[in-house]
Amino acid sequence: MKRSALIASIACALLFVLALPAATLAAKQGADNITIFGGSRGKVPFPHAHHQARLKDCNICHSVFPQEVDAMRKMKEKGTLKSKQVMNLQCIKCHKADKKAGKPHGPVTCSTCHVR
Ligand code: HEC
Ligand code: HEC
Ligand code: HEC
């Protein structure tokens with residue numbers, strides 16, 4: 001193998017090794033902003049990264065539904081998650097508790113979460 005070709009292949013291998021974990025790490029975090037399926041009431045824009053940074057613990061939400069695109073919709077279709085369950089027992093419950101405690105809180109009314 002020519003010296004230049006060797007250097008090039010070493011450089012390629014290095015790039016691959018360095019880029020791969022970075023890419024998988026980024027993918028596992030999920031998108032920064034997610035549009036949640038909200039049925040007839042309209043979709044729900046959700047600042048995912050904002051919640052991750054603020055709440056730290058992924059399982060606050062992901063103990064109920066997996067870390068997948070459209071997870072809740074798929075579960076509802078299979079009948080393993082009740083419609084509005086996450087909305088009432090996670091999203092609104094937490095936002096209301098923070099509001100009551102006088103802390104910065106997320107939206108608690110229909111139209112501040114759901115958009116058409
Ligand atoms: C406040 C709730 C909440 C927290 C906390 C949270 N997530 Fe999510 N996550 C969601 C929602 C909602 C979805 C979208 C599911 C859906 O559309 O049905 C999602 C989707 C995902 C997805 C798939 C979507 C995509 O873009 O690939 C991944 C991966 C993910 N989350 C990773 C994480 C990780 C890692 C953490 C912790 C660092 C975390 N999440 C914390 C609510 C949360
Ligand atoms: C904090 C944000 C938030 C607020 C406030 C909120 N929702 Fe939701 N809503 C969601 C999310 C997220 C979902 C999807 C997950 C689920 O079904 O639990 C949803 C789901 C729904 C669904 C079911 C969609 C389906 O087909 O499964 C309906 C209907 C609905 N919301 C109506 C309302 C009404 C009416 C109000 C006001 C009284 C309201 N929502 C307030 C976030 C919110
Ligand atoms: C355990 C608590 C907790 C849960 C669960 C939670 N949130 Fe929040 N959310 C917060 C807090 C705290 C804020 C306010 C952050 C701030 O002001 O910096 C917030 C803010 C928001 C905002 C406004 C962000 C902005 O930029 O103004 C939206 C929209 C939102 N949440 C949607 C949701 C939806 C949809 C769910 C359910 C899938 C959810 N949240 C679940 C704690 C929570």
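## Helices and strands

The protein contains six helices and two strands. Helices (H or I, at least four residues) and strands (E, at least two) are DSSP runs, numbered from the N terminus. Read from the N terminus on, the order of elements is α-β-β-α-α-α-α-α.

This is a predicted model, in which local features need pLDDT of at least 70 and side-chain atom pairs count only at pLDDT 80 or more, while totals for chains, interfaces and linings use all residues. Residues are numbered from 1 along each chain as its sequence is written, chains are lettered from A and ligands numbered from 1 in the order in which they are written, and side-chain values use heavy atoms, with hydrogens and water left out.

## Burial and contacts

Of the protein's 116 residues, 14% count as buried. Buried means under 20% relative accessible area, exposed over 50%, and partly exposed in between (1.4 Å probe, protein chains only). Now for contacts, where contact means heavy atoms within 4.5 Å. Among those with a separation of 6 or more, 34% are between residues 24 or more positions apart.

## The iron of ligand 1

Which residues coordinate the iron atom of ligand 1? They are H48 (NE2) and H62 (NE2), at 2.0 Å. Donors are N, O and S atoms within 2.8 Å of the metal (3.2 Å for Na, K and Ca); water is not among the atoms, so sites may look incomplete. H48 sits in helix 2 and H62 in helix 3 (residues 59-62), so the pair ties together parts 14 residues apart in sequence. H48 counts as buried because its relative accessibility is 10%, whereas H62, at 21%, counts as partly exposed.

## Around ligand 1

There are 23 residues around ligand 1, and A31, H48, C58, C61 and H62 come nearest. A residue is near a molecule or strand if one of its heavy atoms lies within 4 Å of it. By class, this shell has 12 nonpolar, seven polar and four charged residues. Here Ala, Val, Leu, Ile, Met, Phe, Trp, Tyr, Cys and Pro count as nonpolar, Asp, Glu, Lys and Arg as charged, and the others, Gly among them, as polar. Helix 2 gives the most to the shell around ligand 1, with four residues.

## The iron of ligand 2

The iron atom of ligand 2 is coordinated by M87 (SD) and H114 (NE2), at 2.0 to 2.1 Å. M87 belongs to helix 5 and H114 to the segment after helix 6 (110-113), so this pair, 27 residues apart, links distant parts of the chain. Are the two residues buried or exposed? M87 is partly exposed, at 29% relative accessibility, and H114 is buried, with a relative accessible area of 13%.

## Around ligand 3

Ligand 3 has 19 residues around it, of which H51, R54, C91, C94 and H95 come nearest. A polar side-chain atom of R54 lies 3.0 Å from an oxygen atom of ligand 3, and one of H95 lies 2.8 Å from a nitrogen atom of the ligand. Helix 5 gives the most to this shell, with five residues.

Note on methods
A polar contact is a pair of N or O atoms within 3.5 Å; within protein, one must be able to donate a hydrogen and the other to accept it, and residues adjacent in sequence count only if both atoms are side-chain atoms.
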